[in-house]
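Visitor: I would like to learn how to read a protein model, one feature at a time. Could you walk me through this one?

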Amino acid sequence: MKRLIKKTNDGSHTVFHDDLKESFHSSFGALTESKHVFIQSGLLYFNKPELTLLEIGLGTGLNTLLTGLEAEKKFIKINYYAVEKYPLEDSILTALNYPEILGPDSEQLFKKIHEIPWGEICQISDYFNLKKMKIDLLKLNLKERFDLIYFDAFSPEVQPEMWDKTNFQKIIKAMNPGGILTTYSSKGSVRRTLAAVGFKLERIPGPPGKREMLRAWLPAN
Ligand SMILES: C[S@@+](CC[C@H](N)C(=O)[O-])C[C@H]1O[C@@H](n2cnc3c(N)ncnc32)[C@H](O)[C@@H]1O
């Protein structure tokens, strides 16, 4: 599996998966996309003082890092679960320029995110607990109940099985009523599948380069 670092338009790095011919983030800006799709449209929109979150595809750890920083800044107590089937190699993780861009507070946090062992819930900072799960999401039995899902799988074109009804049925069953899922895709087939398993949907403006993205929620009753 060949994966290489590339620079996106806002100066932040992404990883390019050479076999799939797909990047982990938008070429218009990895950091900009993460902030828009997951932080602004998910975490800050949800706006609760305490929550349990599942990220689908830990990858570089960029969403995790941004969430950890917000947790400390806004005093949001977060239990963060991140699933990853194919962890990135250390040579890539240590070369990513996120701490350089985000400043000194992010440096220790980013290191800890990648240094903690897999499979254990670890306290990363006062407000941020993290459990990294090295497993195939499709085989994972989700035991926790989540308030927020960052659905950041590869696109439906390259990984259709991640976006199918069976997978979303499993995800919605693992959510608390009133919970939210955000994703960068607003494809018609994704919208239909999410609606078919019981999500209510909102199409909202996407990050640069994308007209729309999706926020889906599980009605409170
Ligand atoms: C679009 S990338 C996003 C990564 C990450 N959120 C980031 O900001 O770097 C998708 C991620 O999902 C992971 N992945 C692919 N198939 C998976 C599976 N079946 N279960 C869990 N993770 C998977 C990939 O290895 C990759 O890290």
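Visitor: What share of the 221 residues in the chain is buried?

Guide: A residue counts as buried if 20 or more other C-beta atoms, placed from the backbone, lie within 10 Å of its own, as exposed if 12 or fewer do, and as partly exposed in between. Here buried residues account for 37% of the 221. Keep in mind that this is a predicted model, where local features need pLDDT of at least 70 and side-chain atom pairs count only at pLDDT 80 or more, while totals for chains, interfaces and linings use all residues. Residue numbers start from 1 along each chain as its sequence is written.

Visitor: How many helices and strands does the chain have?

Guide: Helices (H or I, at least four residues) and strands (E, at least two) are DSSP runs, numbered from the N terminus. This chain has seven helices and 11 strands. The radius of gyration, taken over C-alpha atoms, is compared with a globule rule of 2.2 Å times the number of residues to the power 0.38. The chain comes to 16 Å, close to the 17 Å that the rule gives for 221 residues, so it is as compact as a globular protein of that length. Its C-alpha atoms fill a box of roughly 45 × 40 × 30 Å along the principal axes.

Visitor: Which order do the strands take in the open sheet of three?

Guide: Two strands pair if DSSP finds at least two bridges between them. The order is 1-2-3, with antiparallel pairing. Strand 1 (3-7) and strand 3 (22-23) each have a single partner strand, so one side of each has no neighbour in the sheet. Five bridges link strand 1 to strand 2 (residues 13-17), and Lys6 has Thr14 in strand 2 as its bridge partner.

Visitor: Where does helix 1 bend?

Guide: The bend at a residue is the angle between axes fitted to the seven residues ending there and the seven starting there. Helix 1 (residues 30-46) bends by about 40° at Ile39. Its buried residues include Leu31, Val37 and Phe38. Just after the helix, Asn47 has a positive phi of about 55°.

Visitor: How many of the six residues in strand 10 are buried?

Guide: The count for strand 10 (residues 200-205) is zero, so to speak a strand that is hardly covered. Strand 10 runs antiparallel to strand 11 (residues 212-217), joined by six bridges, and Leu201 stands opposite Ala216. The two strands form a hairpin with six residues between them, and Gly209 in the turn has a positive phi of about 90°.
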